[in-house]
Amino acid sequence: MSSTEDLDYPKTILQYNSGFLVSKVIFTACELGVFDLLLESGEPLSSDAIATRLGTSTTGMERLLDACVGLKLLAVELTQEGALYRNTEISNIYLTKSSPKSQYHIIMYYSNTVYLCWHYLADAVREGKNQYERAFGISSKDPFGAMYRSEEEMLKFMAGQNSVWSICGRDVLAAFDLSSFTQIYDLGGGGGALARECVSLYPNSTVTIYDLPKVVRVAKEQFVPPEECQIAFHEGDFFNDSIPEAELYILSKILHDWDDDKCRQLMAKVYNACKPGGGVLLVESLLNEDKSGPLETQLYSMNMLVQTEGKERTAAEYSKLLEAAGFGEIQVKRTGKL
């Protein structure tokens, strides 16, 4: 006799097997501009009309649209003239480029960069190192040198990170009361989305984005308008250059890029630079203490394997890194977001 669990098992495996198919459907619909077209049209459209405007085959587009209906990213209405498609609320909010909460840029980064690295996941597991060399033919010794291998690629990454903070930024900055800190450094602050959320939430604060010179240049040109007078910039490499004194240091999705030795080295520098009574805010996706989940964080940790030198950690592991640097009074909060 088979148990119910045994009977469900093949279905579960099939669902996981189809996961990459789901990803590619979303990637392709975003890349072709399906959701943007339907938003701009202001009315439902037929598959023929969508295919014509986007320059695709009708048969291919019809199948893509139907798959998006199955994923609840599109809705379909059957009329006398045929099937008419429109966006759902989810796709209008998260998949159109013009939405303030758009995830388009991070989706495109996953499609064009991350997906290619994951093709070599088995090699990453065998070797324990990132896969830029196999995926793009460039050295994997400097992960961010590989990640920022061209200005176009760097721009994609920065825009992608900004899109994540558009839905998570306020939650992580409000998890603790940071109003007593007025002089803040955002280490590796990239495109500045988290810094902008910070000065919006804490209007008495000033935030300095500390990042590589080429990142700072692009942030100034593309992401942070000159009128943002509460945001400043500092060019440098925080591993090799000095870290200026501040009351609070934000490290958002930074430590997960590096191994424990690099993290200890960086946190020691931050501790030595920190003003008395100051602190550090780490923003990371936390594993359960027994590492049994959450699944999203476990998958992010695999992504760190194929793309960086780091990994996702438990709260206790991050606490150890902070304590080794000299920090005390460590508090942990989960936002319920990514």
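## Basis

The model is predicted, so local features need pLDDT of at least 70 and side-chain atom pairs count only at pLDDT 80 or more, while totals for chains, interfaces and linings use all residues. Residues are numbered from 1 along each chain as its sequence is written, and side-chain values use heavy atoms, with hydrogens and water left out.

## The sheet

Five strands make an open sheet with parallel pairing, in the order S5-S4-S3-S6-S7. Strands (E, at least two residues) and helices (H or I, at least four) are DSSP runs, numbered from the N terminus. Two strands pair if DSSP finds at least two bridges between them. The edges are strand S5 (231–235) and strand S7 (274–283). Each has a single partner strand, so one side of each lacks a neighbour in the sheet. Neighbouring strands are turned by 25° against each other on average, direction ignored.

Strand S4 (residues 206–211) runs parallel to S5, and five bridges join them. Asp211 has Glu235 in S5 as its bridge partner.

## Helices on the sheet

Helix H12 (residues 193–201) packs on the sheet. H12 touches strand S3 (183–187), S4, S5 and strand S6 (246–252). Contact means heavy atoms within 4.5 Å. The direction of H12 makes about 170° with that of S4. Axes are lines fitted to C-alpha atoms, for helices over the stretch in contact, and angles run from 0 to 180 degrees between N-to-C directions.

Helix H14 (residues 260–273) lies across S3, S6 and S7. H14 runs at about 145° to S7.

## Aromatic pairs

The whole structure holds twelve aromatic pairs. Rings of Phe, Tyr and Trp (its six-membered ring) pair if their centres lie within 6.5 Å; planes under 30 degrees apart count as stacked, over 60 as edge-to-face and the rest as tilted. Phe144 and Phe157 have ring centres 6.4 Å apart and planes at 85°, so they are edge-to-face. Phe144 sits in helix H10 (residues 143–147) and Phe157 in helix H11 (residues 151–174), 13 residues apart. Phe144 is buried at 17% relative accessibility. Phe157 is buried too, at 14%. Buried means under 20% relative accessible area, exposed over 50%, partly exposed in between (1.4 Å probe, protein chains only).

Tyr271 and Phe327 are also edge-to-face, with ring centres 5.1 Å apart and planes at 90°. Tyr271 lies in helix H14 and Phe327 in the segment after helix H16 (315–325), so the pair ties together parts 56 residues apart in sequence. Tyr271 is partly exposed at 37%, whereas Phe327 is buried at 12%.

## Cluster and charges over rings

One aromatic cluster includes Phe144 and Phe157.

Two lysines lie over ring faces. Lys24 is over Tyr115, at 4.9 Å from the ring centre. Lys253 is over Trp165, at 6.0 Å from the ring centre. The criterion is NZ of Lys or CZ of Arg within 6 Å of the ring centre and within 35 degrees of the ring normal.

## Cysteines

The structure holds zero disulfides. A disulfide is a pair of cysteine sulfur atoms within 2.5 Å. For Cys68, the closest cysteine sulfur is in Cys30, 8.3 Å away and too far for a bond. Cys68 is buried at 0% relative accessibility.

For Cys198, the closest cysteine sulfur is in Cys229, 14 Å away and too far for a bond. Cys198 is buried, with a relative accessible area of 1%.
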